[in-house]
Amino acid sequence: MSVSAREPRRVAIVGAGPAGVYAADLLLRAERPFEVQIDLFERLPAPYGLVRYGVAPDHPHIKHIVNALRTTLDASGVRLFGNVEFGAQIGLEDLRAHYDAVIFATGALDDASLHVPGENLSGSFGASAFVGWYDGHPDFPLEWPLDATDVAVIGNGNVALDITRMLVRSVQDLAGTDIPENVEQDLGRSRVSDVHVFGRRGPGFAKFSPLETRELGQIPGVDVLLDPEDFVPDPDSDAAFEANNQRKVLRRIFTEWLGRTPTGASRRVHLHFRWRPAEILGDGRVTGLRVERTAVDDRGALVGTGEFREFPVGQVYRAVGYTGSPLSGVPFDADRGVIPNSEGRVLGADGSPIPGEYVTGWIRRGPVGLIGSTKSDALQTITHLVEDLGAGRGWTPRDGGAGAVPALLSERKIEYTTLEGWHRLDAYEHELGAAQGRDRIKVVSREEMVRHSRG
Ligand SMILES: Cc1cc2nc3c(=O)[nH]c(=O)nc-3n(C[C@H](O)[C@H](O)[C@H](O)COP(=O)(O)OP(=O)(O)OC[C@H]3O[C@@H](n4cnc5c(N)ncnc54)[C@H](O)[C@@H]3O)c2cc1C
């Protein structure tokens with residue numbers, strides 16, 4: 001049968017985070033000269049990626065995006081194959097055998113490195129592990145040792161703020177959220193009293209959003225302290241404050257905080273600017289952080305001044321960015337941590353598009369941008385995919401029947417979960433929550449998730 005006569009086209013999407021779900025939705029709604037059936041492969045038993053496993057539990061209004069994604073999935077007729085990892089249980093050759101095209105939407109979940117000595121000491125953590133723990137990600141440990149009083153958070157973006165809030169909020173303050181029981185217990189035992197947050201540039205360059213910055217200053221039982229020395233006149237930082245309205249708001253917030261008198265609260269957040277980490281200190285485990293004062297040289301480059309300071313912290317959290325991981329058989333740009341592409345078409349080593357392979361979301365353009373921006377990304381990718389498949393530029397599957405993939409997964413004895421299964425698990429989590437007057441309590445163990453999903 002010729003490619004153009006065969007109906008419908010079958011498209012696999014790898015990754016059921018917002019990018020994957022939006023891509024499915026846009027493909028179904030696109031004007032196209034062919035029918036389409038979509039299968040979504042997700043390595044976790046539950047969909048929604050970082051909306052479920054990244055957004056902080058004390059931001060329920062953003063977590064509620066899950067409801068919109070659910071509506072999208074339910075209405076779409078898309079099949080979900082959860083608990084199936086591309087590169088482990090299913091590979092590119094399998095997809096080529098059963099689909100006309102694939103869209104990779106696997107996100108960017110690895111922590112970028114600080115490149116300083118001591119990064120591998122016990123007590124030095126990447127943001128993704130801590131976020132994974134408090135958000136109940138099944139691949140992270142159930143217990144978190146909040147046994148240090150003083151801790152450092154490196155980074156000046158919203159993830160650094162999320163981590164800081166989660167370290168200083170009282171567990172009572174989180175009572176209405178979806179945090180799993182193990183997280184609630186460890187937070188209840190936390191000894192953390194002082195969180196030191198470090199940004200390597202001046203305060204004008206902080207990438208905190210105004211809303212989340214203001215929120216930090218409103219946490220009950222927490223003082224936010226700034227060091228006036230970090231706010232000495234600095235032409236670069238001062239000019240950066242003028243760059244846009246968000247930064248102007250940040251300056252107002254910082255100015256207000258500089259004028260505050262500490263209330264004597266039992267927990268404190270210290271925001272430090274113009275200090276960059278030089279070494280994480282310790283012998284086996286973290287005992288301190290050595291930082292160097294920075295300045296901007298004549299050419300506008302950030303340089304060390306040779307002035308060092310040590311903070312006696314027992315833990316260090318790195319929140320300096322995420323990066324993507326390579327997928328087996330798929331081109332990868334290791335410098336940028338993305339799949340090389342031109343507007344969503346995957347590019348081969350010779351720089352030309354590989355037929356049938358597409359990419360969207362954070363694995364396409366790197367770990368920047370909010371959930372909403374994955375939608376505009378997906379639109380561009382889908383436009384090209386429709387154009388290409390419409391012109392017969394895709395794969396020619398050996399067996400494009402609807403039953404082929406479930407049969408393959410069963411033959412490999414993979415305990416995959418489905419959309420119906422996710423509804424069962426979702427309902428169970430809401431039941432657990434209702435018993436304690438909460439919206440949901442997450443099930444954390446992968447086995448338990450699979451068990452509830454598979455009924
Ligand atoms: C800590 C943190 C907090 C954030 N908070 C906010 C916020 O408050 N508001 C906001 O708008 N944005 C927030 N963001 C940004 C937002 O999460 C991203 O914009 C968005 O999740 C990116 O979507 P994605 O689908 O590309 O990646 P992801 O959400 O990471 O989804 C990728 C999916 O692919 C799956 N996957 C990965 N590898 C494989 C594989 N080999 N096989 C099968 N499946 C695979 C993953 O399990 C995951 O489900 C936050 C990000 C982080 C890191």
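Which helices each supply at least two residues of the shell around the ligand? They are α1 (18-29), α2 (49-53) and α7, where helices are DSSP runs (H or I, at least four residues) numbered from the N terminus.

Before going on, note that this is a predicted model: local features need pLDDT of at least 70, side-chain atom pairs count only at pLDDT 80 or more, and totals for chains, interfaces and linings use all residues. Residues are numbered from 1 along each chain as its sequence is written.

Let us start with the ligand. Of the 36 residues around the ligand, the nearest are G15, G17, G49, G107 and G361; a residue counts as near if its C-beta atom, placed from the backbone, lies within 6 Å of the molecule. Both domain 1 and domain 2 give at least three residues to this shell.

Those domains come from an automatic or database domain assignment. It gives domain 1 (9-109 + 324-416) and domain 2 (111-322), and their centres, taken over C-alpha atoms, are 33 Å apart. In domain 1, 11 residues are in contact with 17 residues of domain 2, contact meaning C-beta atoms, placed from the backbone, within 7 Å.

Here is how two groups of residues divide by class (Ala, Val, Leu, Ile, Met, Phe, Trp, Tyr, Cys and Pro count as nonpolar, Asp, Glu, Lys and Arg as charged, and the others, Gly among them, as polar).

| Group | Nonpolar | Polar | Charged |
|---|---|---|---|
| Side of domain 1 that touches domain 2 | eight residues | one residue | two residues |

Note on methods. Two residues are in contact if their C-beta atoms, placed from the backbone, lie within 7 Å.
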